[in-house]
Amino acid sequence: MAGNSQRRGAIAKGRKKGAQVGTGGNRRKGLEGKGPTPKAKDRPYHKAHKAAQASEQRNKGPRKRAAGDAEWIIGRNSVVEALREDVPVNGLYVAEGAERDGRLREAFMLASEKGISLLEVTKVELDRLTGFNGHQGLAARIPAYEYAHADDLLDRAAEAKEPALIVALDQITDPRNLGAIVRSAAAFGAHGVVIPERRAAGITAAAWKTSAGAASRIPVAQTVNLTRQLKAYQDAGCMVVGLDMEGDITLPELGAPDGLADGPLVIVVGAEGGGLSRLVQETCDQIVSIPMANSVESLNAGVAASVVLYTVAEARS
């Protein structure tokens, strides 16, 4: 009985009278109307909202972002070659006590002519800065490259009142190939080059040198997803053609009167040997082959791009 009495007491205590907690009006508020439905452009997840944002961003001017940290060119020959090719050097570093040979004197002369600052540091400090002790007492610091936005290349063509000509690179990992293609793109009137953000060569010192300064005259854009960007170019009215030995048409057909070369065009170049990736090839509107003698299997990516760009330039002239 004592146990039962305690249990009843506990229950009675739990039922102690007091103020009853209410909803604070939240239940009534939940029944109230939320006003008119927002316009499509004001809804964050609607495609009209995204399109309005993209348009607003384009109107703000070119969108650029740096490739990352600054890069070092090390070694006397490499530094002198970079200075000769107008690679954008923002500082020349020489180790104290370094032997003043002909290459070092030429580097000093070129730096003076171009207004590049010259700093003398200890060998230990230069080792630390470059992360390498085989610099031969000379190193040049170049800034991180600023990539354009892939959509801005179309704006560049529109401003020039020309049909767009864009070169897209798929799986190109050699910076020298990239530099050579950038050089050809600038020479034959392309409006820009697009490269993937990952697993691809970027604008490094080697690419700068191979481009012979063209990387400062034509925009290079990075894209997170090359296939998606190619589809965006197609939506904007561009024909996307990929280069492959097993093409639907040959290069002369591309450059024929009233051919594809006359309209807005994106040329996709794959890596030598590997060619175009499957998804990129499936996205292309047309696959173009370059006729060659049977003894030659394929061309270097830079050479292939040059041949096609020349054909397009001739067709448009």
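Is Cys 238 buried or exposed, and at what relative accessibility? Select Cys 238: at 4% relative accessibility, this residue counts as buried (buried means under 20% relative accessible area, exposed over 50%, partly exposed in between, with a 1.4 Å probe and protein chains only). Next select Cys 284, which counts as buried at 11% relative accessibility. A search of the whole structure finds zero disulfides, a disulfide being a pair of cysteine sulfur atoms within 2.5 Å.

This is a predicted model, where local features need pLDDT of at least 70 and side-chain atom pairs count only at pLDDT 80 or more, while totals for chains, interfaces and linings use all residues. Residues are numbered from 1 along each chain as its sequence is written, and side-chain values use heavy atoms, with hydrogens and water left out.

**The sheet**

Now show the open sheet of four strands, in the order S2-S5-S3-S4 and with mixed pairing. Strands (E, at least two residues) and helices (H or I, at least four) are DSSP runs, numbered from the N terminus. Two strands pair if DSSP finds at least two bridges between them. Select 71–74 for strand S2 and 118–121 for strand S4: these are the edge strands, each pairing on one side only. On average, neighbouring strands of this sheet are turned by 25° against each other, direction ignored.

Then select residues 91–95, strand S3, which runs parallel to S4 and is joined to S4 by four bridges. Within this pair, look for Val 94, which stands opposite Glu 120 in S4.

**The helices across it**

Select residues 76–84 for helix H4, which lies across S2, S3 and strand S5 (138–142) and runs at about 115° to S2. Axes are lines fitted to C-alpha atoms, for helices over the stretch in contact, and angles run from 0 to 180 degrees between N-to-C directions. Contact means heavy atoms within 4.5 Å.

Move to residues 102–114, helix H5, which lies across S3, S4 and S5 at about 150° to S3. Which residues of H5 are buried? Colour Leu 104, Ala 107, Leu 110 and Ala 111. Seen down the axis of H5, the buried residues fall within an arc of 125°, so they line one face of the helix; the arc is that of the directions from the helix axis to the C-beta atoms. H4, S3 and S5 are included in what covers these buried residues. Turn to the face away from the buried side to find the exposed residues Ser 112 and Glu 113.

Finish at Gly 115, which follows H5 and has a positive phi, near 70°.
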